[in-house]
Amino acid sequence: MKLSHLLPAALSGAGLIHAAVLPAPDSPYKVQWTSTELVDPARPDPFNATHARRIMISRFTPVHPRDCVRTCRVPYMNAFMSSVEDAIIDAFVGADIGWPHGVLGRMELELCCAVRAPHNTNTKVHDPHHHRRFPTILYGTGRNTTRLLYSAAAQHLASVGYEVVVMDHPYETDAVQFPDGSVIYGGRVPRDPDAVEALAAALDVRSRDTTLVLDYLGVGRDEKGVVGFVGDSFGGPAAADVMRKDARVGAGVNMDGMMFGPAVDEGVEGPFLMFGSPGHNSSSDETWERFFNATGENYPRSWMKELSLEGAIHGLLIDFALVADVAGLRGDDKQVVGNLIGTITGARTMEILRAYLSDFFEFTLDGKGKGLLAGPSKKYPEVLFL
Ligand SMILES: *[C@@H]1O[C@H](CO)[C@@H](O)[C@H](O)[C@H]1NC(C)=O
Ligand SMILES: *[C@@H]1O[C@H](CO)[C@@H](O)[C@H](O)[C@H]1NC(C)=O
Ligand SMILES: *[C@@H]1O[C@H](CO)[C@@H](O)[C@H](O)[C@H]1NC(C)=O
Ligand SMILES: *[C@@H]1O[C@H](CO)[C@@H](O)[C@H](O)[C@H]1NC(C)=O
């Protein structure tokens, strides 16, 4: 449509030369980010049996401000991944939106880059288990996205005191870049919501990937219900799926995802939160209604709640709203709003999600009160209780 408004900005590169910082959360902990490749040597990759299953994860670890020696700005994603995402966003929103290429590649996160070594402990710096003093929250992404599009949201959740681990699932994630430079592209999981068997199989792959992550983090197989899982879109049914298959995951959140897999008609044991965008709820989505019914029947003591976030659109937990705000894409002449983001700002989205998710996990994993989950709050009128 109004291409003339959009092309000059995108082409001149006027705003694209300088990096733009996605603001760090203003909350108790600073956050450290590490990316790690994990290999499951005994499991042939279900999408490509010529090699063992290998995945990439991002860990966002809280750091007490007094232990953070240095903060720095870190690229949000590199130029290669940014160009992969640009092509997908173009196809998703349509060429007339004029999504400005390169924006993702110039974003930066403000993180803690050097941590004071702990005193008087035998902790090895590279021991993956040594941060277990913070509860672990696993983070499932939407289909056809990358874990890198969730880094700001993960940083916000980590900043209140959770070790947040965002997972890529190769051959489903749009592109996974490994430390050796190799890339695995996605596209093996169908988009058609009626392909329920293939989608259930994809969830099973995610659940096994999640088990690999928990083993790597040193969460013992006998530690039941100690880990939380929040999933955006297809990550939502992934939360329910893994709760049925790995008892270490004891609390789940589905952010606006249609439900798939055995949980739809068998439910889950354990607390589960459904957080929808306007109009997406158990009245409009039959898979949600079936999931509620099945859980009520099979696990009548399971705590479940359904919330709705006004002003949001699908993809509640992805960083697009924050990126769009920082890049100044919310102007009247742009159609990013409504196609890629809702009317609620990125900063407000992060604030609300951090508040509700941390209260949910304190309630479910730490045995505290219901907090914001008890009922509507004057502080967050955008959150509706259904
Ligand atoms: C399977 O993985 C191998 C590398 O191990 C790669 O060369 C090949 O292209 C992959 N095949 C498919 C169908 O993705
Ligand atoms: C990924 O998203 C783009 C944009 O919607 C679409 O063209 C492409 O087919 C998608 N790929 C898969 C595997 O879903
Ligand atoms: C729930 O979904 C129905 C059908 O789309 C819609 O009419 C209703 O407004 C929704 N409720 C909320 C609170 O979004
Ligand atoms: C869910 O349960 C209600 C109450 O028993 C029932 O009326 C409804 O048909 C069920 N929905 C589905 C999709 O099974």
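This is a predicted model: local features need pLDDT of at least 70, side-chain atom pairs count only at pLDDT 80 or more; totals for chains, interfaces and linings use all residues.

Biologist: What makes strand 4 and strand 5 a pair?

Modeller: Strands (DSSP runs of E, at least two residues, numbered from the N terminus) pair if DSSP finds at least two bridges between them. Strand 4 and strand 5 (residues 107-115) have seven bridges and run antiparallel, so they pass that test. One bridge partner is Leu109 in strand 5, for Val74.

Biologist: Why are strand 1 and strand 4 called edge strands?

Modeller: The open sheet has the order 1-5-4, with mixed pairing. Strand 1 (20-22) and strand 4 (68-75) each pair on one side only.

Biologist: How do you know that helix 4 and helix 11 are oblique?

Modeller: Helix 4 (151-158) and helix 11 (residues 346-365) pack at about 45°, with axes 9 Å apart. Angles under 35 degrees count as roughly parallel, over 145 as roughly antiparallel, 65 to 115 as roughly perpendicular and the rest as oblique. Helix 4 and helix 11 are therefore oblique to each other.

Biologist: Which residues of helix 4 and helix 11 make the contact?

Modeller: With contact meaning heavy atoms within 4.5 Å, helix 4 gives Ala152, Ala153, His156 and Leu157, and helix 11 gives Met350, Arg354 and Leu357.

Notes. Residues are numbered from 1 along each chain as its sequence is written. Chains are lettered from A and ligands numbered from 1 in the order in which they are written. Side-chain values use heavy atoms; hydrogens and water are left out. Helices (H or I, at least four residues) and strands (E, at least two) are DSSP runs, numbered from the N terminus. Axes are lines fitted to C-alpha atoms, for helices over the stretch in contact, and angles run from 0 to 180 degrees between N-to-C directions.
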